[in-house]
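Open the model in a viewer and keep the selection panel at hand. The stops below can be taken in order.

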Amino acid sequence: MVVIDGQITPDGLAFINPGDVESVEVLKDAASAAIYGSRGSSGVILVTTKKGIADKPKYNFKYSIGQKREYKRYDIMTYAEYVTMLFDEMAKRATDPTVNQATNTVTAGDRAAYIIENQLLGQGVDWQSESLRTGTFQNLQLGISGGSKSTKYYISGGYQGDEGMMNKSKYQKYNVRAKMDLELSKRVKVTINLNPSYATRESPAQNFTNFWRMPGWLPVRHTEATAALARTNPLQANIKAGDYAHQRHFNGLNYTGTMPDGTTWTGNASAGGSAQQNPRLEVDRSDINTNEYRLQSSVELNVNLLPGLNFKSLASGYLNYSKGLNFAQRNANRDGDLNIGIFTNNSNTYLLSENTLNYVKTIRDHDITALFGVTTERTNVVREQTTGLDFPSDDIRTLASAAQLDKTRSFGTKAIIGLNSFLGRLTYAYKSKYLFSTSLRRDGSSYFGPGNKWGTFPAVSAGWVVSKEKFMSGINWLSNLKFRGSYGATGNNRIVENAWVDLLYGANNPAGTATGNSTPGLITLSTIIANPDISWERTFQTNFGMDISLFKNKISVALDVYKSKTDQLLLQQSVMAFTGAQQYWNNLGSLQNTGFEIEVSSKNIEKKYFRWSTSANLSRNKNKILELGTEAFLLNQGERAEVYRNQVGKPLVEFVGFKTDGVWLSQADIDAAKAKGLTSTLPAVFTPGGLKIVDMNGDNVLDNNDRTVLGNPYADFTWGITNNVGYKGFELSFFLQGSHGGKLVNGDPNYNESGRLIRTYNSNRWVSAAFPGDGKTPVTRGTGFNWMLTDYVVEDASYWSLREVNLSYAVNAALIKKIGLSGARVYLSAQNLYFHMASNYRSLNPEGRFQNGPYSSVLIDGYQRGSFPIPRTFMAGIDINF
Amino acid sequence: MKTLIKLLFAGTLFITSCKKNIDRYPLNNVAIENYYKNAAEVQIALNGCYAALRTTLLEEWQMTELRSDNSIMGNPGSTSVPNREKSDLDVFVPSTSLASVYTYWSANYANIRNINTLLNALSLNYDEAGGTLKRDSTSVIITDNEYKELSAQATFLRAYHYFNLVRLYGGVFLIHEPYTGANVLQAVNVNRSSVADIYKLIIADLQYAAANGVSLNYTLFAASNSGANLGKANAWSAKALLAKVYLTLNRKSDAIPVLNDIITNSGYGLITAGLTPYADVFSVSNEMNREILFAVRYKAGGIGLGSPWPNTFAPELSGTAVVNGDGDGFNIGTFELENTYSPADARKAFTLGVWPTPTTAVTSNSRRLYVKKHITPVTLLDDAENDWPVIRYSDVILMLAEAQGYSLASLGLINQTRARAGLGAAPLTLTNVPNDQRFADSLAKERRLEFAFENVRWFDLLRYKTTLPAITEDAVTRMKSHFATMFTNHYAKYPSPAPTLATIQGYITNDKLLLPIPQREIDNNSHLVIPQNPGY
């Protein structure tokens, strides 16, 4: 959760201008996060924005500009290279007596595609380049701060422009932030925050995957040669050079040309056969634009009631309204398509009222604070979509001019979500040496049904600053030593509205004479069944920590060890489908997380001109399911029915599938195994060159009982190191970061387009008994059990990376004073300069994960397919203060 | 201090108002527990049960027509996942995790839940031991007539779903009460029921629907309720389905009186008038005509009720030539079926279209036989008008012929549909159909031609072994012949390594006539072992 100036801002980090940030604080342990209750269960990031100080006006100007490009692309063969490989394989099989020579051939379609690419186009089309580009981004900001003793202000205005790495992807934002601190009287202070912004967003109509999987023989637009070929089909007589080409234009035509082996081939064939539209056409003919209007505003009133007793009231509103139009021109997707405009209006109105009484008292060596507060939050969510069809022209894009409305693609939903909280906190410190605090929070959420709305979350913490003890006063090298410990509970209510009550949804039906009339109907929801008893998920976390600073704070170490138990997990539990639904909302089971974090920072060298400092962190987390009610395990399926298991005593998610032992090298290899009694009920298990399943349970039958755990998506440990080296005004910093031991399921090899044409999946593949390749890469995928999850697609997600390098120069203070400035800095920075991926990882981004559809469930994790490249960015900037 | 008191006072007001803040109720939907209060609400919920038939129909052609000898997967060389899965179904090697096998299963059970929820509100309960429905007192405000009319339709729909499930998957799970709340977790204690127990429920439901449904004859039914009843299941729909259940169970003597009752009293009949009587049965300007005992209804016009079939079945990459918005090229007809039609048969040209042109050479690589029967013009993608017939009157008379067996009367019944198809000049006689075997083959052929692509053929093939024991080819033999006929043209084009004919013929066994129970259903239960169908 992100809190900006006391206000919860769900998309806070993306939303705030870095130049406006004064400080950032991260709350990790339960006791310090407890005050934020339900929303703080996975940690809290507190952002404080800049405010004015009583002085004459100060100006700050920042500008940066940079570019980003993909770190790595798919290594895709051109189609001619692919067909050449097929001919090579055919030749290798030609002398093999075990190969049926009648079927040892290259298909007519592949030959036709070869002719188009090799003889009509001359070279393959690089479809990745049709989607990717170098994106330019820039950031401009001007800030002014100042004020008098009673009135202080900070005002900034900014522009952010960000081109994505894909064509037609762009984000632009204009924003203003104004913060005023008013001292109305000695007792009354008011802080006002206003942050309006306007942003535009443009998105491409097709994702990257639909580009790279286009075969290289398909031209983006017809050339004279390909148009002439397409016109040989009388139904395509109108195609001319310059028109967008589709795979279907090359179906059922007569081809003649030279093959890679020098022979001449003539035949009737369909080069592609895929119905997939030319993605470039879809992107070019569709415009997806969203305008986003936001206003974040708050007023905070501070009243000093009695000495030490303060009343604070914060009222804030966060309005986020977006209005979009997704317009597809005629024939943008399929031939005969009407033009379609999808108009969206979405608004989120988030209101918060927070009222606290805070009492602070110091009696000699005893510091006491007490806090009591009441907060109310309300979020109104409105989503509306209206779809218009058949506009008189592709240039007229107003809903009123649509010839008809499409009800199937129109909807409107509303929801109001409320949260009420009471909180209290007491802290006590003796000589700033012994620290205690205790807090209690009660949250009531509208996500839960009557009787289950309220959750209670207590927390206690204690600290001992050992270095302040008298007996430590003689130890000079120890500047600070502190032990701390805490125990606290937090809650989680992150589910959908109305998960506690089964609802009926509209399902109209035509009835009556002639073509019938639409009559209203209602049906139940077939995806998930409500749970009237659903309530808070709770996390109880114990933390122990230690802070040490040595040699006048030259070296400081922070060590944290934690153990947490989350129970009543909010899960979408899979249920038997014959109940009429797939899942059930449930508070089920409990999960344990244990781990540690170490942070070390060291000022290695501090000379007059030369400085070098290092900070490093290392963390490790292990999770384990403690119980799942009466269940021993749960199983969940992803998009290809690959299985994710949640088993008691094991990590939350494990991949379950077949272990393989390379490929079947030959039919003889299979016959030998069968002769020993090996059988199977699974389809297509015994294919020469296909994956060879290991009979895990040793019963000589290859079946679903042989599935075993193939890994889990969780990293064993993650780390980061930052080094800062400075000389005079120059400063160089570089940040390395890594994650090790996690696994992922790579869906790409299971898909024909990728498995066939990407070199990482097809090189060294099995060809025949005499040419078994590396004995591990199967010849063909996409039949029978090859669709099931095997260890062939489970890969190592470990990586380390040079995340950021930054070189800056602060102009000499004396020099800039002469030209009337108070400070100036120029810098260059680069991100993802180097990215080291595990040797068995075959795609582009080991951090990429599917998050939608079945993958939104916490019980499924670690799947990627068609991952988007990692961006590598270079940036230059300047900061001036005057 | 005054300020403090004021603030505390304001605070108290605030706290009392804040209870309302978290007592939120759905703004877009109605809760099940607050619904089904009166007949009007039950009617609306029942409309929803009809609407859900469109969802189950989505996958049905893959479970039935695709696995029969009428249809093949249109794109044999394709290696895309959805196409491979269709090929796997086509040649009887579906993985137990195959997506559509699960989707069809869960869509049927989703609507069974809708129906059970409705029947539960009406307190019409099924007694498993007795195999009977029992009407208990209900709090729904409803007249006796309304009760019978609405509950009869709901039981008809439940029987329709279970009848499809039991024929495709065997003994499925017998669920006749809705699952709600924590109750849903008890489902892991339920195992599969026997085929006999499933049929017990189906027969109880259909007998109830036949006895309590509207039994007006077709003309009166079409006029009743200002015509609004058309499309709803009535007593005759239930009787026709019941007869098919009896026939499937080879209870011919039970089927015959039910069928004769329909023929004598229902007012339903064959469309024989006009120049194109067979085409008129399916015409969008003649929906719910006297031949349609029950249909899944669609309606065009961008209101979300349109039929997807024209776009699904039109040839792939045909642009706008066959239907606006191109086709997916699924459910491609076999030339084996094409050749079964005699040239004079009016049903041939109406049922099958040839792409790219009607004259495309049979040997051409790109020749596709697409299901013209279900194609009507569309303005919007997947938004056609034409209904999907479930039971037609011609089925009633041909079922009677099947139940009666070889006789002059039975041949007369077959001749009725043949005559309507323009084959009246060459009637079947005791001379040209001299024995049981010829009768069985002729009837099977006639049913195949009459109901092609109406998801009827596969169920017929499963049944003939018992109802027409003299038939030359049982289902397994028939499919082996089908593989042989279509091998060069289709199955040999499977992606490398292409299977041999012997391999594909080896795939079809008596076990494989049933689909697998979806693997998810077996995996999901850590309490009971759910038996998979043999052969999987």
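Select helix H2 (39-51) of chain B and then its surroundings: the buried residues of H2(B) pack against strands S22 (509-511), S23 (517-519) and S24 (522-524) of chain A, and against helices H3 (53-63), H5 (99-121) and H6 (144-169) of chain B. This is a predicted model.

Now colour H2(B) by burial. Among the buried ones are B:Glu41, B:Asn47, B:Cys49 and B:Tyr50. The length can be checked too: at 1.5 Å a residue H2(B) should span 18 Å, and its end C-alpha atoms are 18 Å apart, which agrees.

Next, the nonpolar cores. The largest has 215 residues, and those with the most contacts inside it are B:Leu118, B:Leu206, B:Ala238 and B:Leu241. H6(B) gives the largest share of this core, 13 residues. Which residues does B:Leu206 touch, leaving aside neighbours within four places in sequence? Select B:Phe156, B:Ala159, B:Ala238, B:Leu241, B:Leu242 and B:Val245, each in contact with B:Leu206. A second, separate core has 41 residues, including A:Met214, A:Ile239, A:Ala245 and A:Leu253.

Last, select helices H16 (408-423) and H17 (436-450) of chain B. Their axes come within 11 Å and cross at roughly 35°, and the crossing is left-handed. On H16(B), show B:Ile414, B:Thr417 and B:Arg418; they meet B:Ser442, B:Leu443, B:Glu446 and B:Glu450 of H17(B). The residues of this contact divide into two nonpolar, two polar and three charged.

Conventions. Residues are numbered from 1 along each chain as its sequence is written. Chains are lettered from A and ligands numbered from 1 in the order in which they are written. This is a predicted model: local features need pLDDT of at least 70, side-chain atom pairs count only at pLDDT 80 or more; totals for chains, interfaces and linings use all residues. Helices (H or I, at least four residues) and strands (E, at least two) are DSSP runs, numbered from the N terminus. The expected span of a helix is 1.5 Å times one less than its number of residues. A residue is buried if 20 or more other C-beta atoms lie within 10 Å of its own, exposed if 12 or fewer, and partly exposed in between; C-beta atoms are placed from the backbone. Two residues are in contact if their C-beta atoms, placed from the backbone, lie within 7 Å. A nonpolar core is a set of buried Ala, Val, Leu, Ile, Met, Phe, Trp, Tyr and Cys residues joined through C-beta atoms within 7 Å. Axes are lines fitted to C-alpha atoms, for helices over the stretch in contact, and angles run from 0 to 180 degrees between N-to-C directions. A crossing is left-handed if the near helix is turned anticlockwise from the far one by less than a right angle, and right-handed if clockwise. Ala, Val, Leu, Ile, Met, Phe, Trp, Tyr, Cys and Pro count as nonpolar, Asp, Glu, Lys and Arg as charged, and the others, Gly among them, as polar.
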